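Hello,

Here is the structure I promised to pass on to you. Have a look at it first, and then read my notes below.

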Amino acid sequence: MLMRKLFTGALLGATLSVGALAAGNALAVGAAADIGQPAPSFTGKAADGSTVSLDSLRGKTVVLEWTNHDCPFVKKHYGAENMQKVQKEAAAKDIVWLQVISSGPGKQGHVDGPTAIKLNEQRGATVANTLLDVDGKIGKAYGAQTTPHMYIIDPQGTLVYKGGIDSIPSARADDIPQAVNYVREALQAMDSGKPVPNATTRAYGCTVHYAS
């Protein structure tokens with residue numbers, strides 16, 4: 001019994017230490033993307049072989065969605081077609097929706113361009129393109145920590161939302177109807193000329209698997 005208690009205590013201590021380290025790293029990574037400030041500029045390779053830059057999208061609202069097709073939380077929102085519904089609503093308003101895959105080579109969620117396109121075709125996703133952020137520069141500039149992790153940039157290039165897709169941090173699809181979809185809420189507020197009511201929320205999901 002004593003050995004079991006000692007082992008449990010050691011395991012708990014290790015878990016807390018790892019959690020504290022992860023939190024510290026997250027704060028360091030996320031320092032660059034602040035609400036009300038210009039969104040970090042980027043230029044990245046897209047799944048279709050093109051190059052996408054944020055500067056070229058000035059004048060349009062841009063949604064960034066960090067994704068990893070193997071993540072249970074991503075599967076929750078795509079399996080229930082929750083993410084696709086918001087994507088279609090955004091596309092109808094000429095909003096540019098970009099997925100970002102920051103998984104490094106050999107890491108969970110890493111895919112090449114053709115695979116990313118095929119995944120979206122299979123899921124019925126409506127996105128302008130998918131950025132292959134293999135070196136993690138875009139993700140780290142924004143402080144992306146989880147999949148999904150959502151960001152919204154207004155037509156003037158200002159970051160107006162960052163956080164979770166919704167208000168219930170679970171991997172259960174049956175929680176979706178009860179949740180506040182923060183991305184939809186933010187886009188509707190912007191469409192009405194109102195301030196985003198919840199500009200910063202808690203992002204939840206799988207850890208972004210950066211190359212380093």
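The helices (H or I, at least four residues) and strands (E, at least two) named here are DSSP runs, numbered from the N terminus. Please keep in mind that this is a predicted model, in which local features need pLDDT of at least 70 and side-chain atom pairs count only at pLDDT 80 or more, while totals for chains, interfaces and linings use all residues. Residues are numbered from 1 along each chain as its sequence is written, and side-chain values use heavy atoms, with hydrogens and water left out.

On a 1 Å grid over the protein atoms alone, a cavity is a set of points where a 1.4 Å probe fits but cannot get out, and a pocket is an open set with protein on both sides within 12 Å along at least five of seven lines; lining residues have an atom within 4 Å of a point. Grid points are joined across faces, edges and corners, and a volume is the space filled by probe spheres set on the points.

The second largest pocket holds about 280 Å³ of space. Strand E7 (149–153) and strand E8 (159–163) each give at least two residues to its lining. That lining has 15 residues, and Gln145, His149, Thr201, Arg202 and Ala203 lie nearest the centre of the pocket. By class it has four nonpolar, nine polar and two charged residues (Ala, Val, Leu, Ile, Met, Phe, Trp, Tyr, Cys and Pro count as nonpolar, Asp, Glu, Lys and Arg as charged, and the others, Gly among them, as polar).

Two cavities of 30 Å³ or more turn up in the whole structure. The largest cavity has about 50 Å³ of space, and helix H4 gives the largest share of its lining, four residues. That lining divides into four nonpolar, six polar and one charged. The second largest cavity has a volume of about 40 Å³, and its lining residues include Leu54, Lys60 and Ile153.

Asp94 and Lys60 form one of them, at 2.6 Å from N to O. Asp94 sits in the loop between helix H3 (82–92) and strand E4 (96–101) and Lys60 in the loop between strand E2 (51–53) and strand E3 (62–66), so this pair ties together parts that are 34 residues apart in sequence.

Helix H6 takes part as well. Glu89 and Arg184 meet in a salt bridge of 2.9 Å, N to O; Glu89 belongs to helix H3 and Arg184 to helix H6 (residues 182–191), 95 residues apart. Asp191 and Lys93 pair at 3.8 Å, N to O, which links H6 with the loop between H3 and E4, 98 residues apart.

What about the buried residues of H6? They are Tyr182, Val183, Ala186, Leu187 and Ala189 (buried means under 20% relative accessible area, exposed over 50%, partly exposed in between, with a 1.4 Å probe and protein chains only). Down the axis of H6 they fall within an arc of 160 degrees, so they line one face of the helix; the arc is that of the directions from the helix axis to the C-beta atoms. Their cover includes E3, H3, E4, E7 and E8, by contact (heavy atoms within 4.5 Å). By contrast, Asp191 counts as exposed, at 57% relative accessibility.

Enjoy exploring!

Technical notes
Salt bridge = Lys/Arg side-chain N within 4 Å of Asp/Glu carboxyl O.
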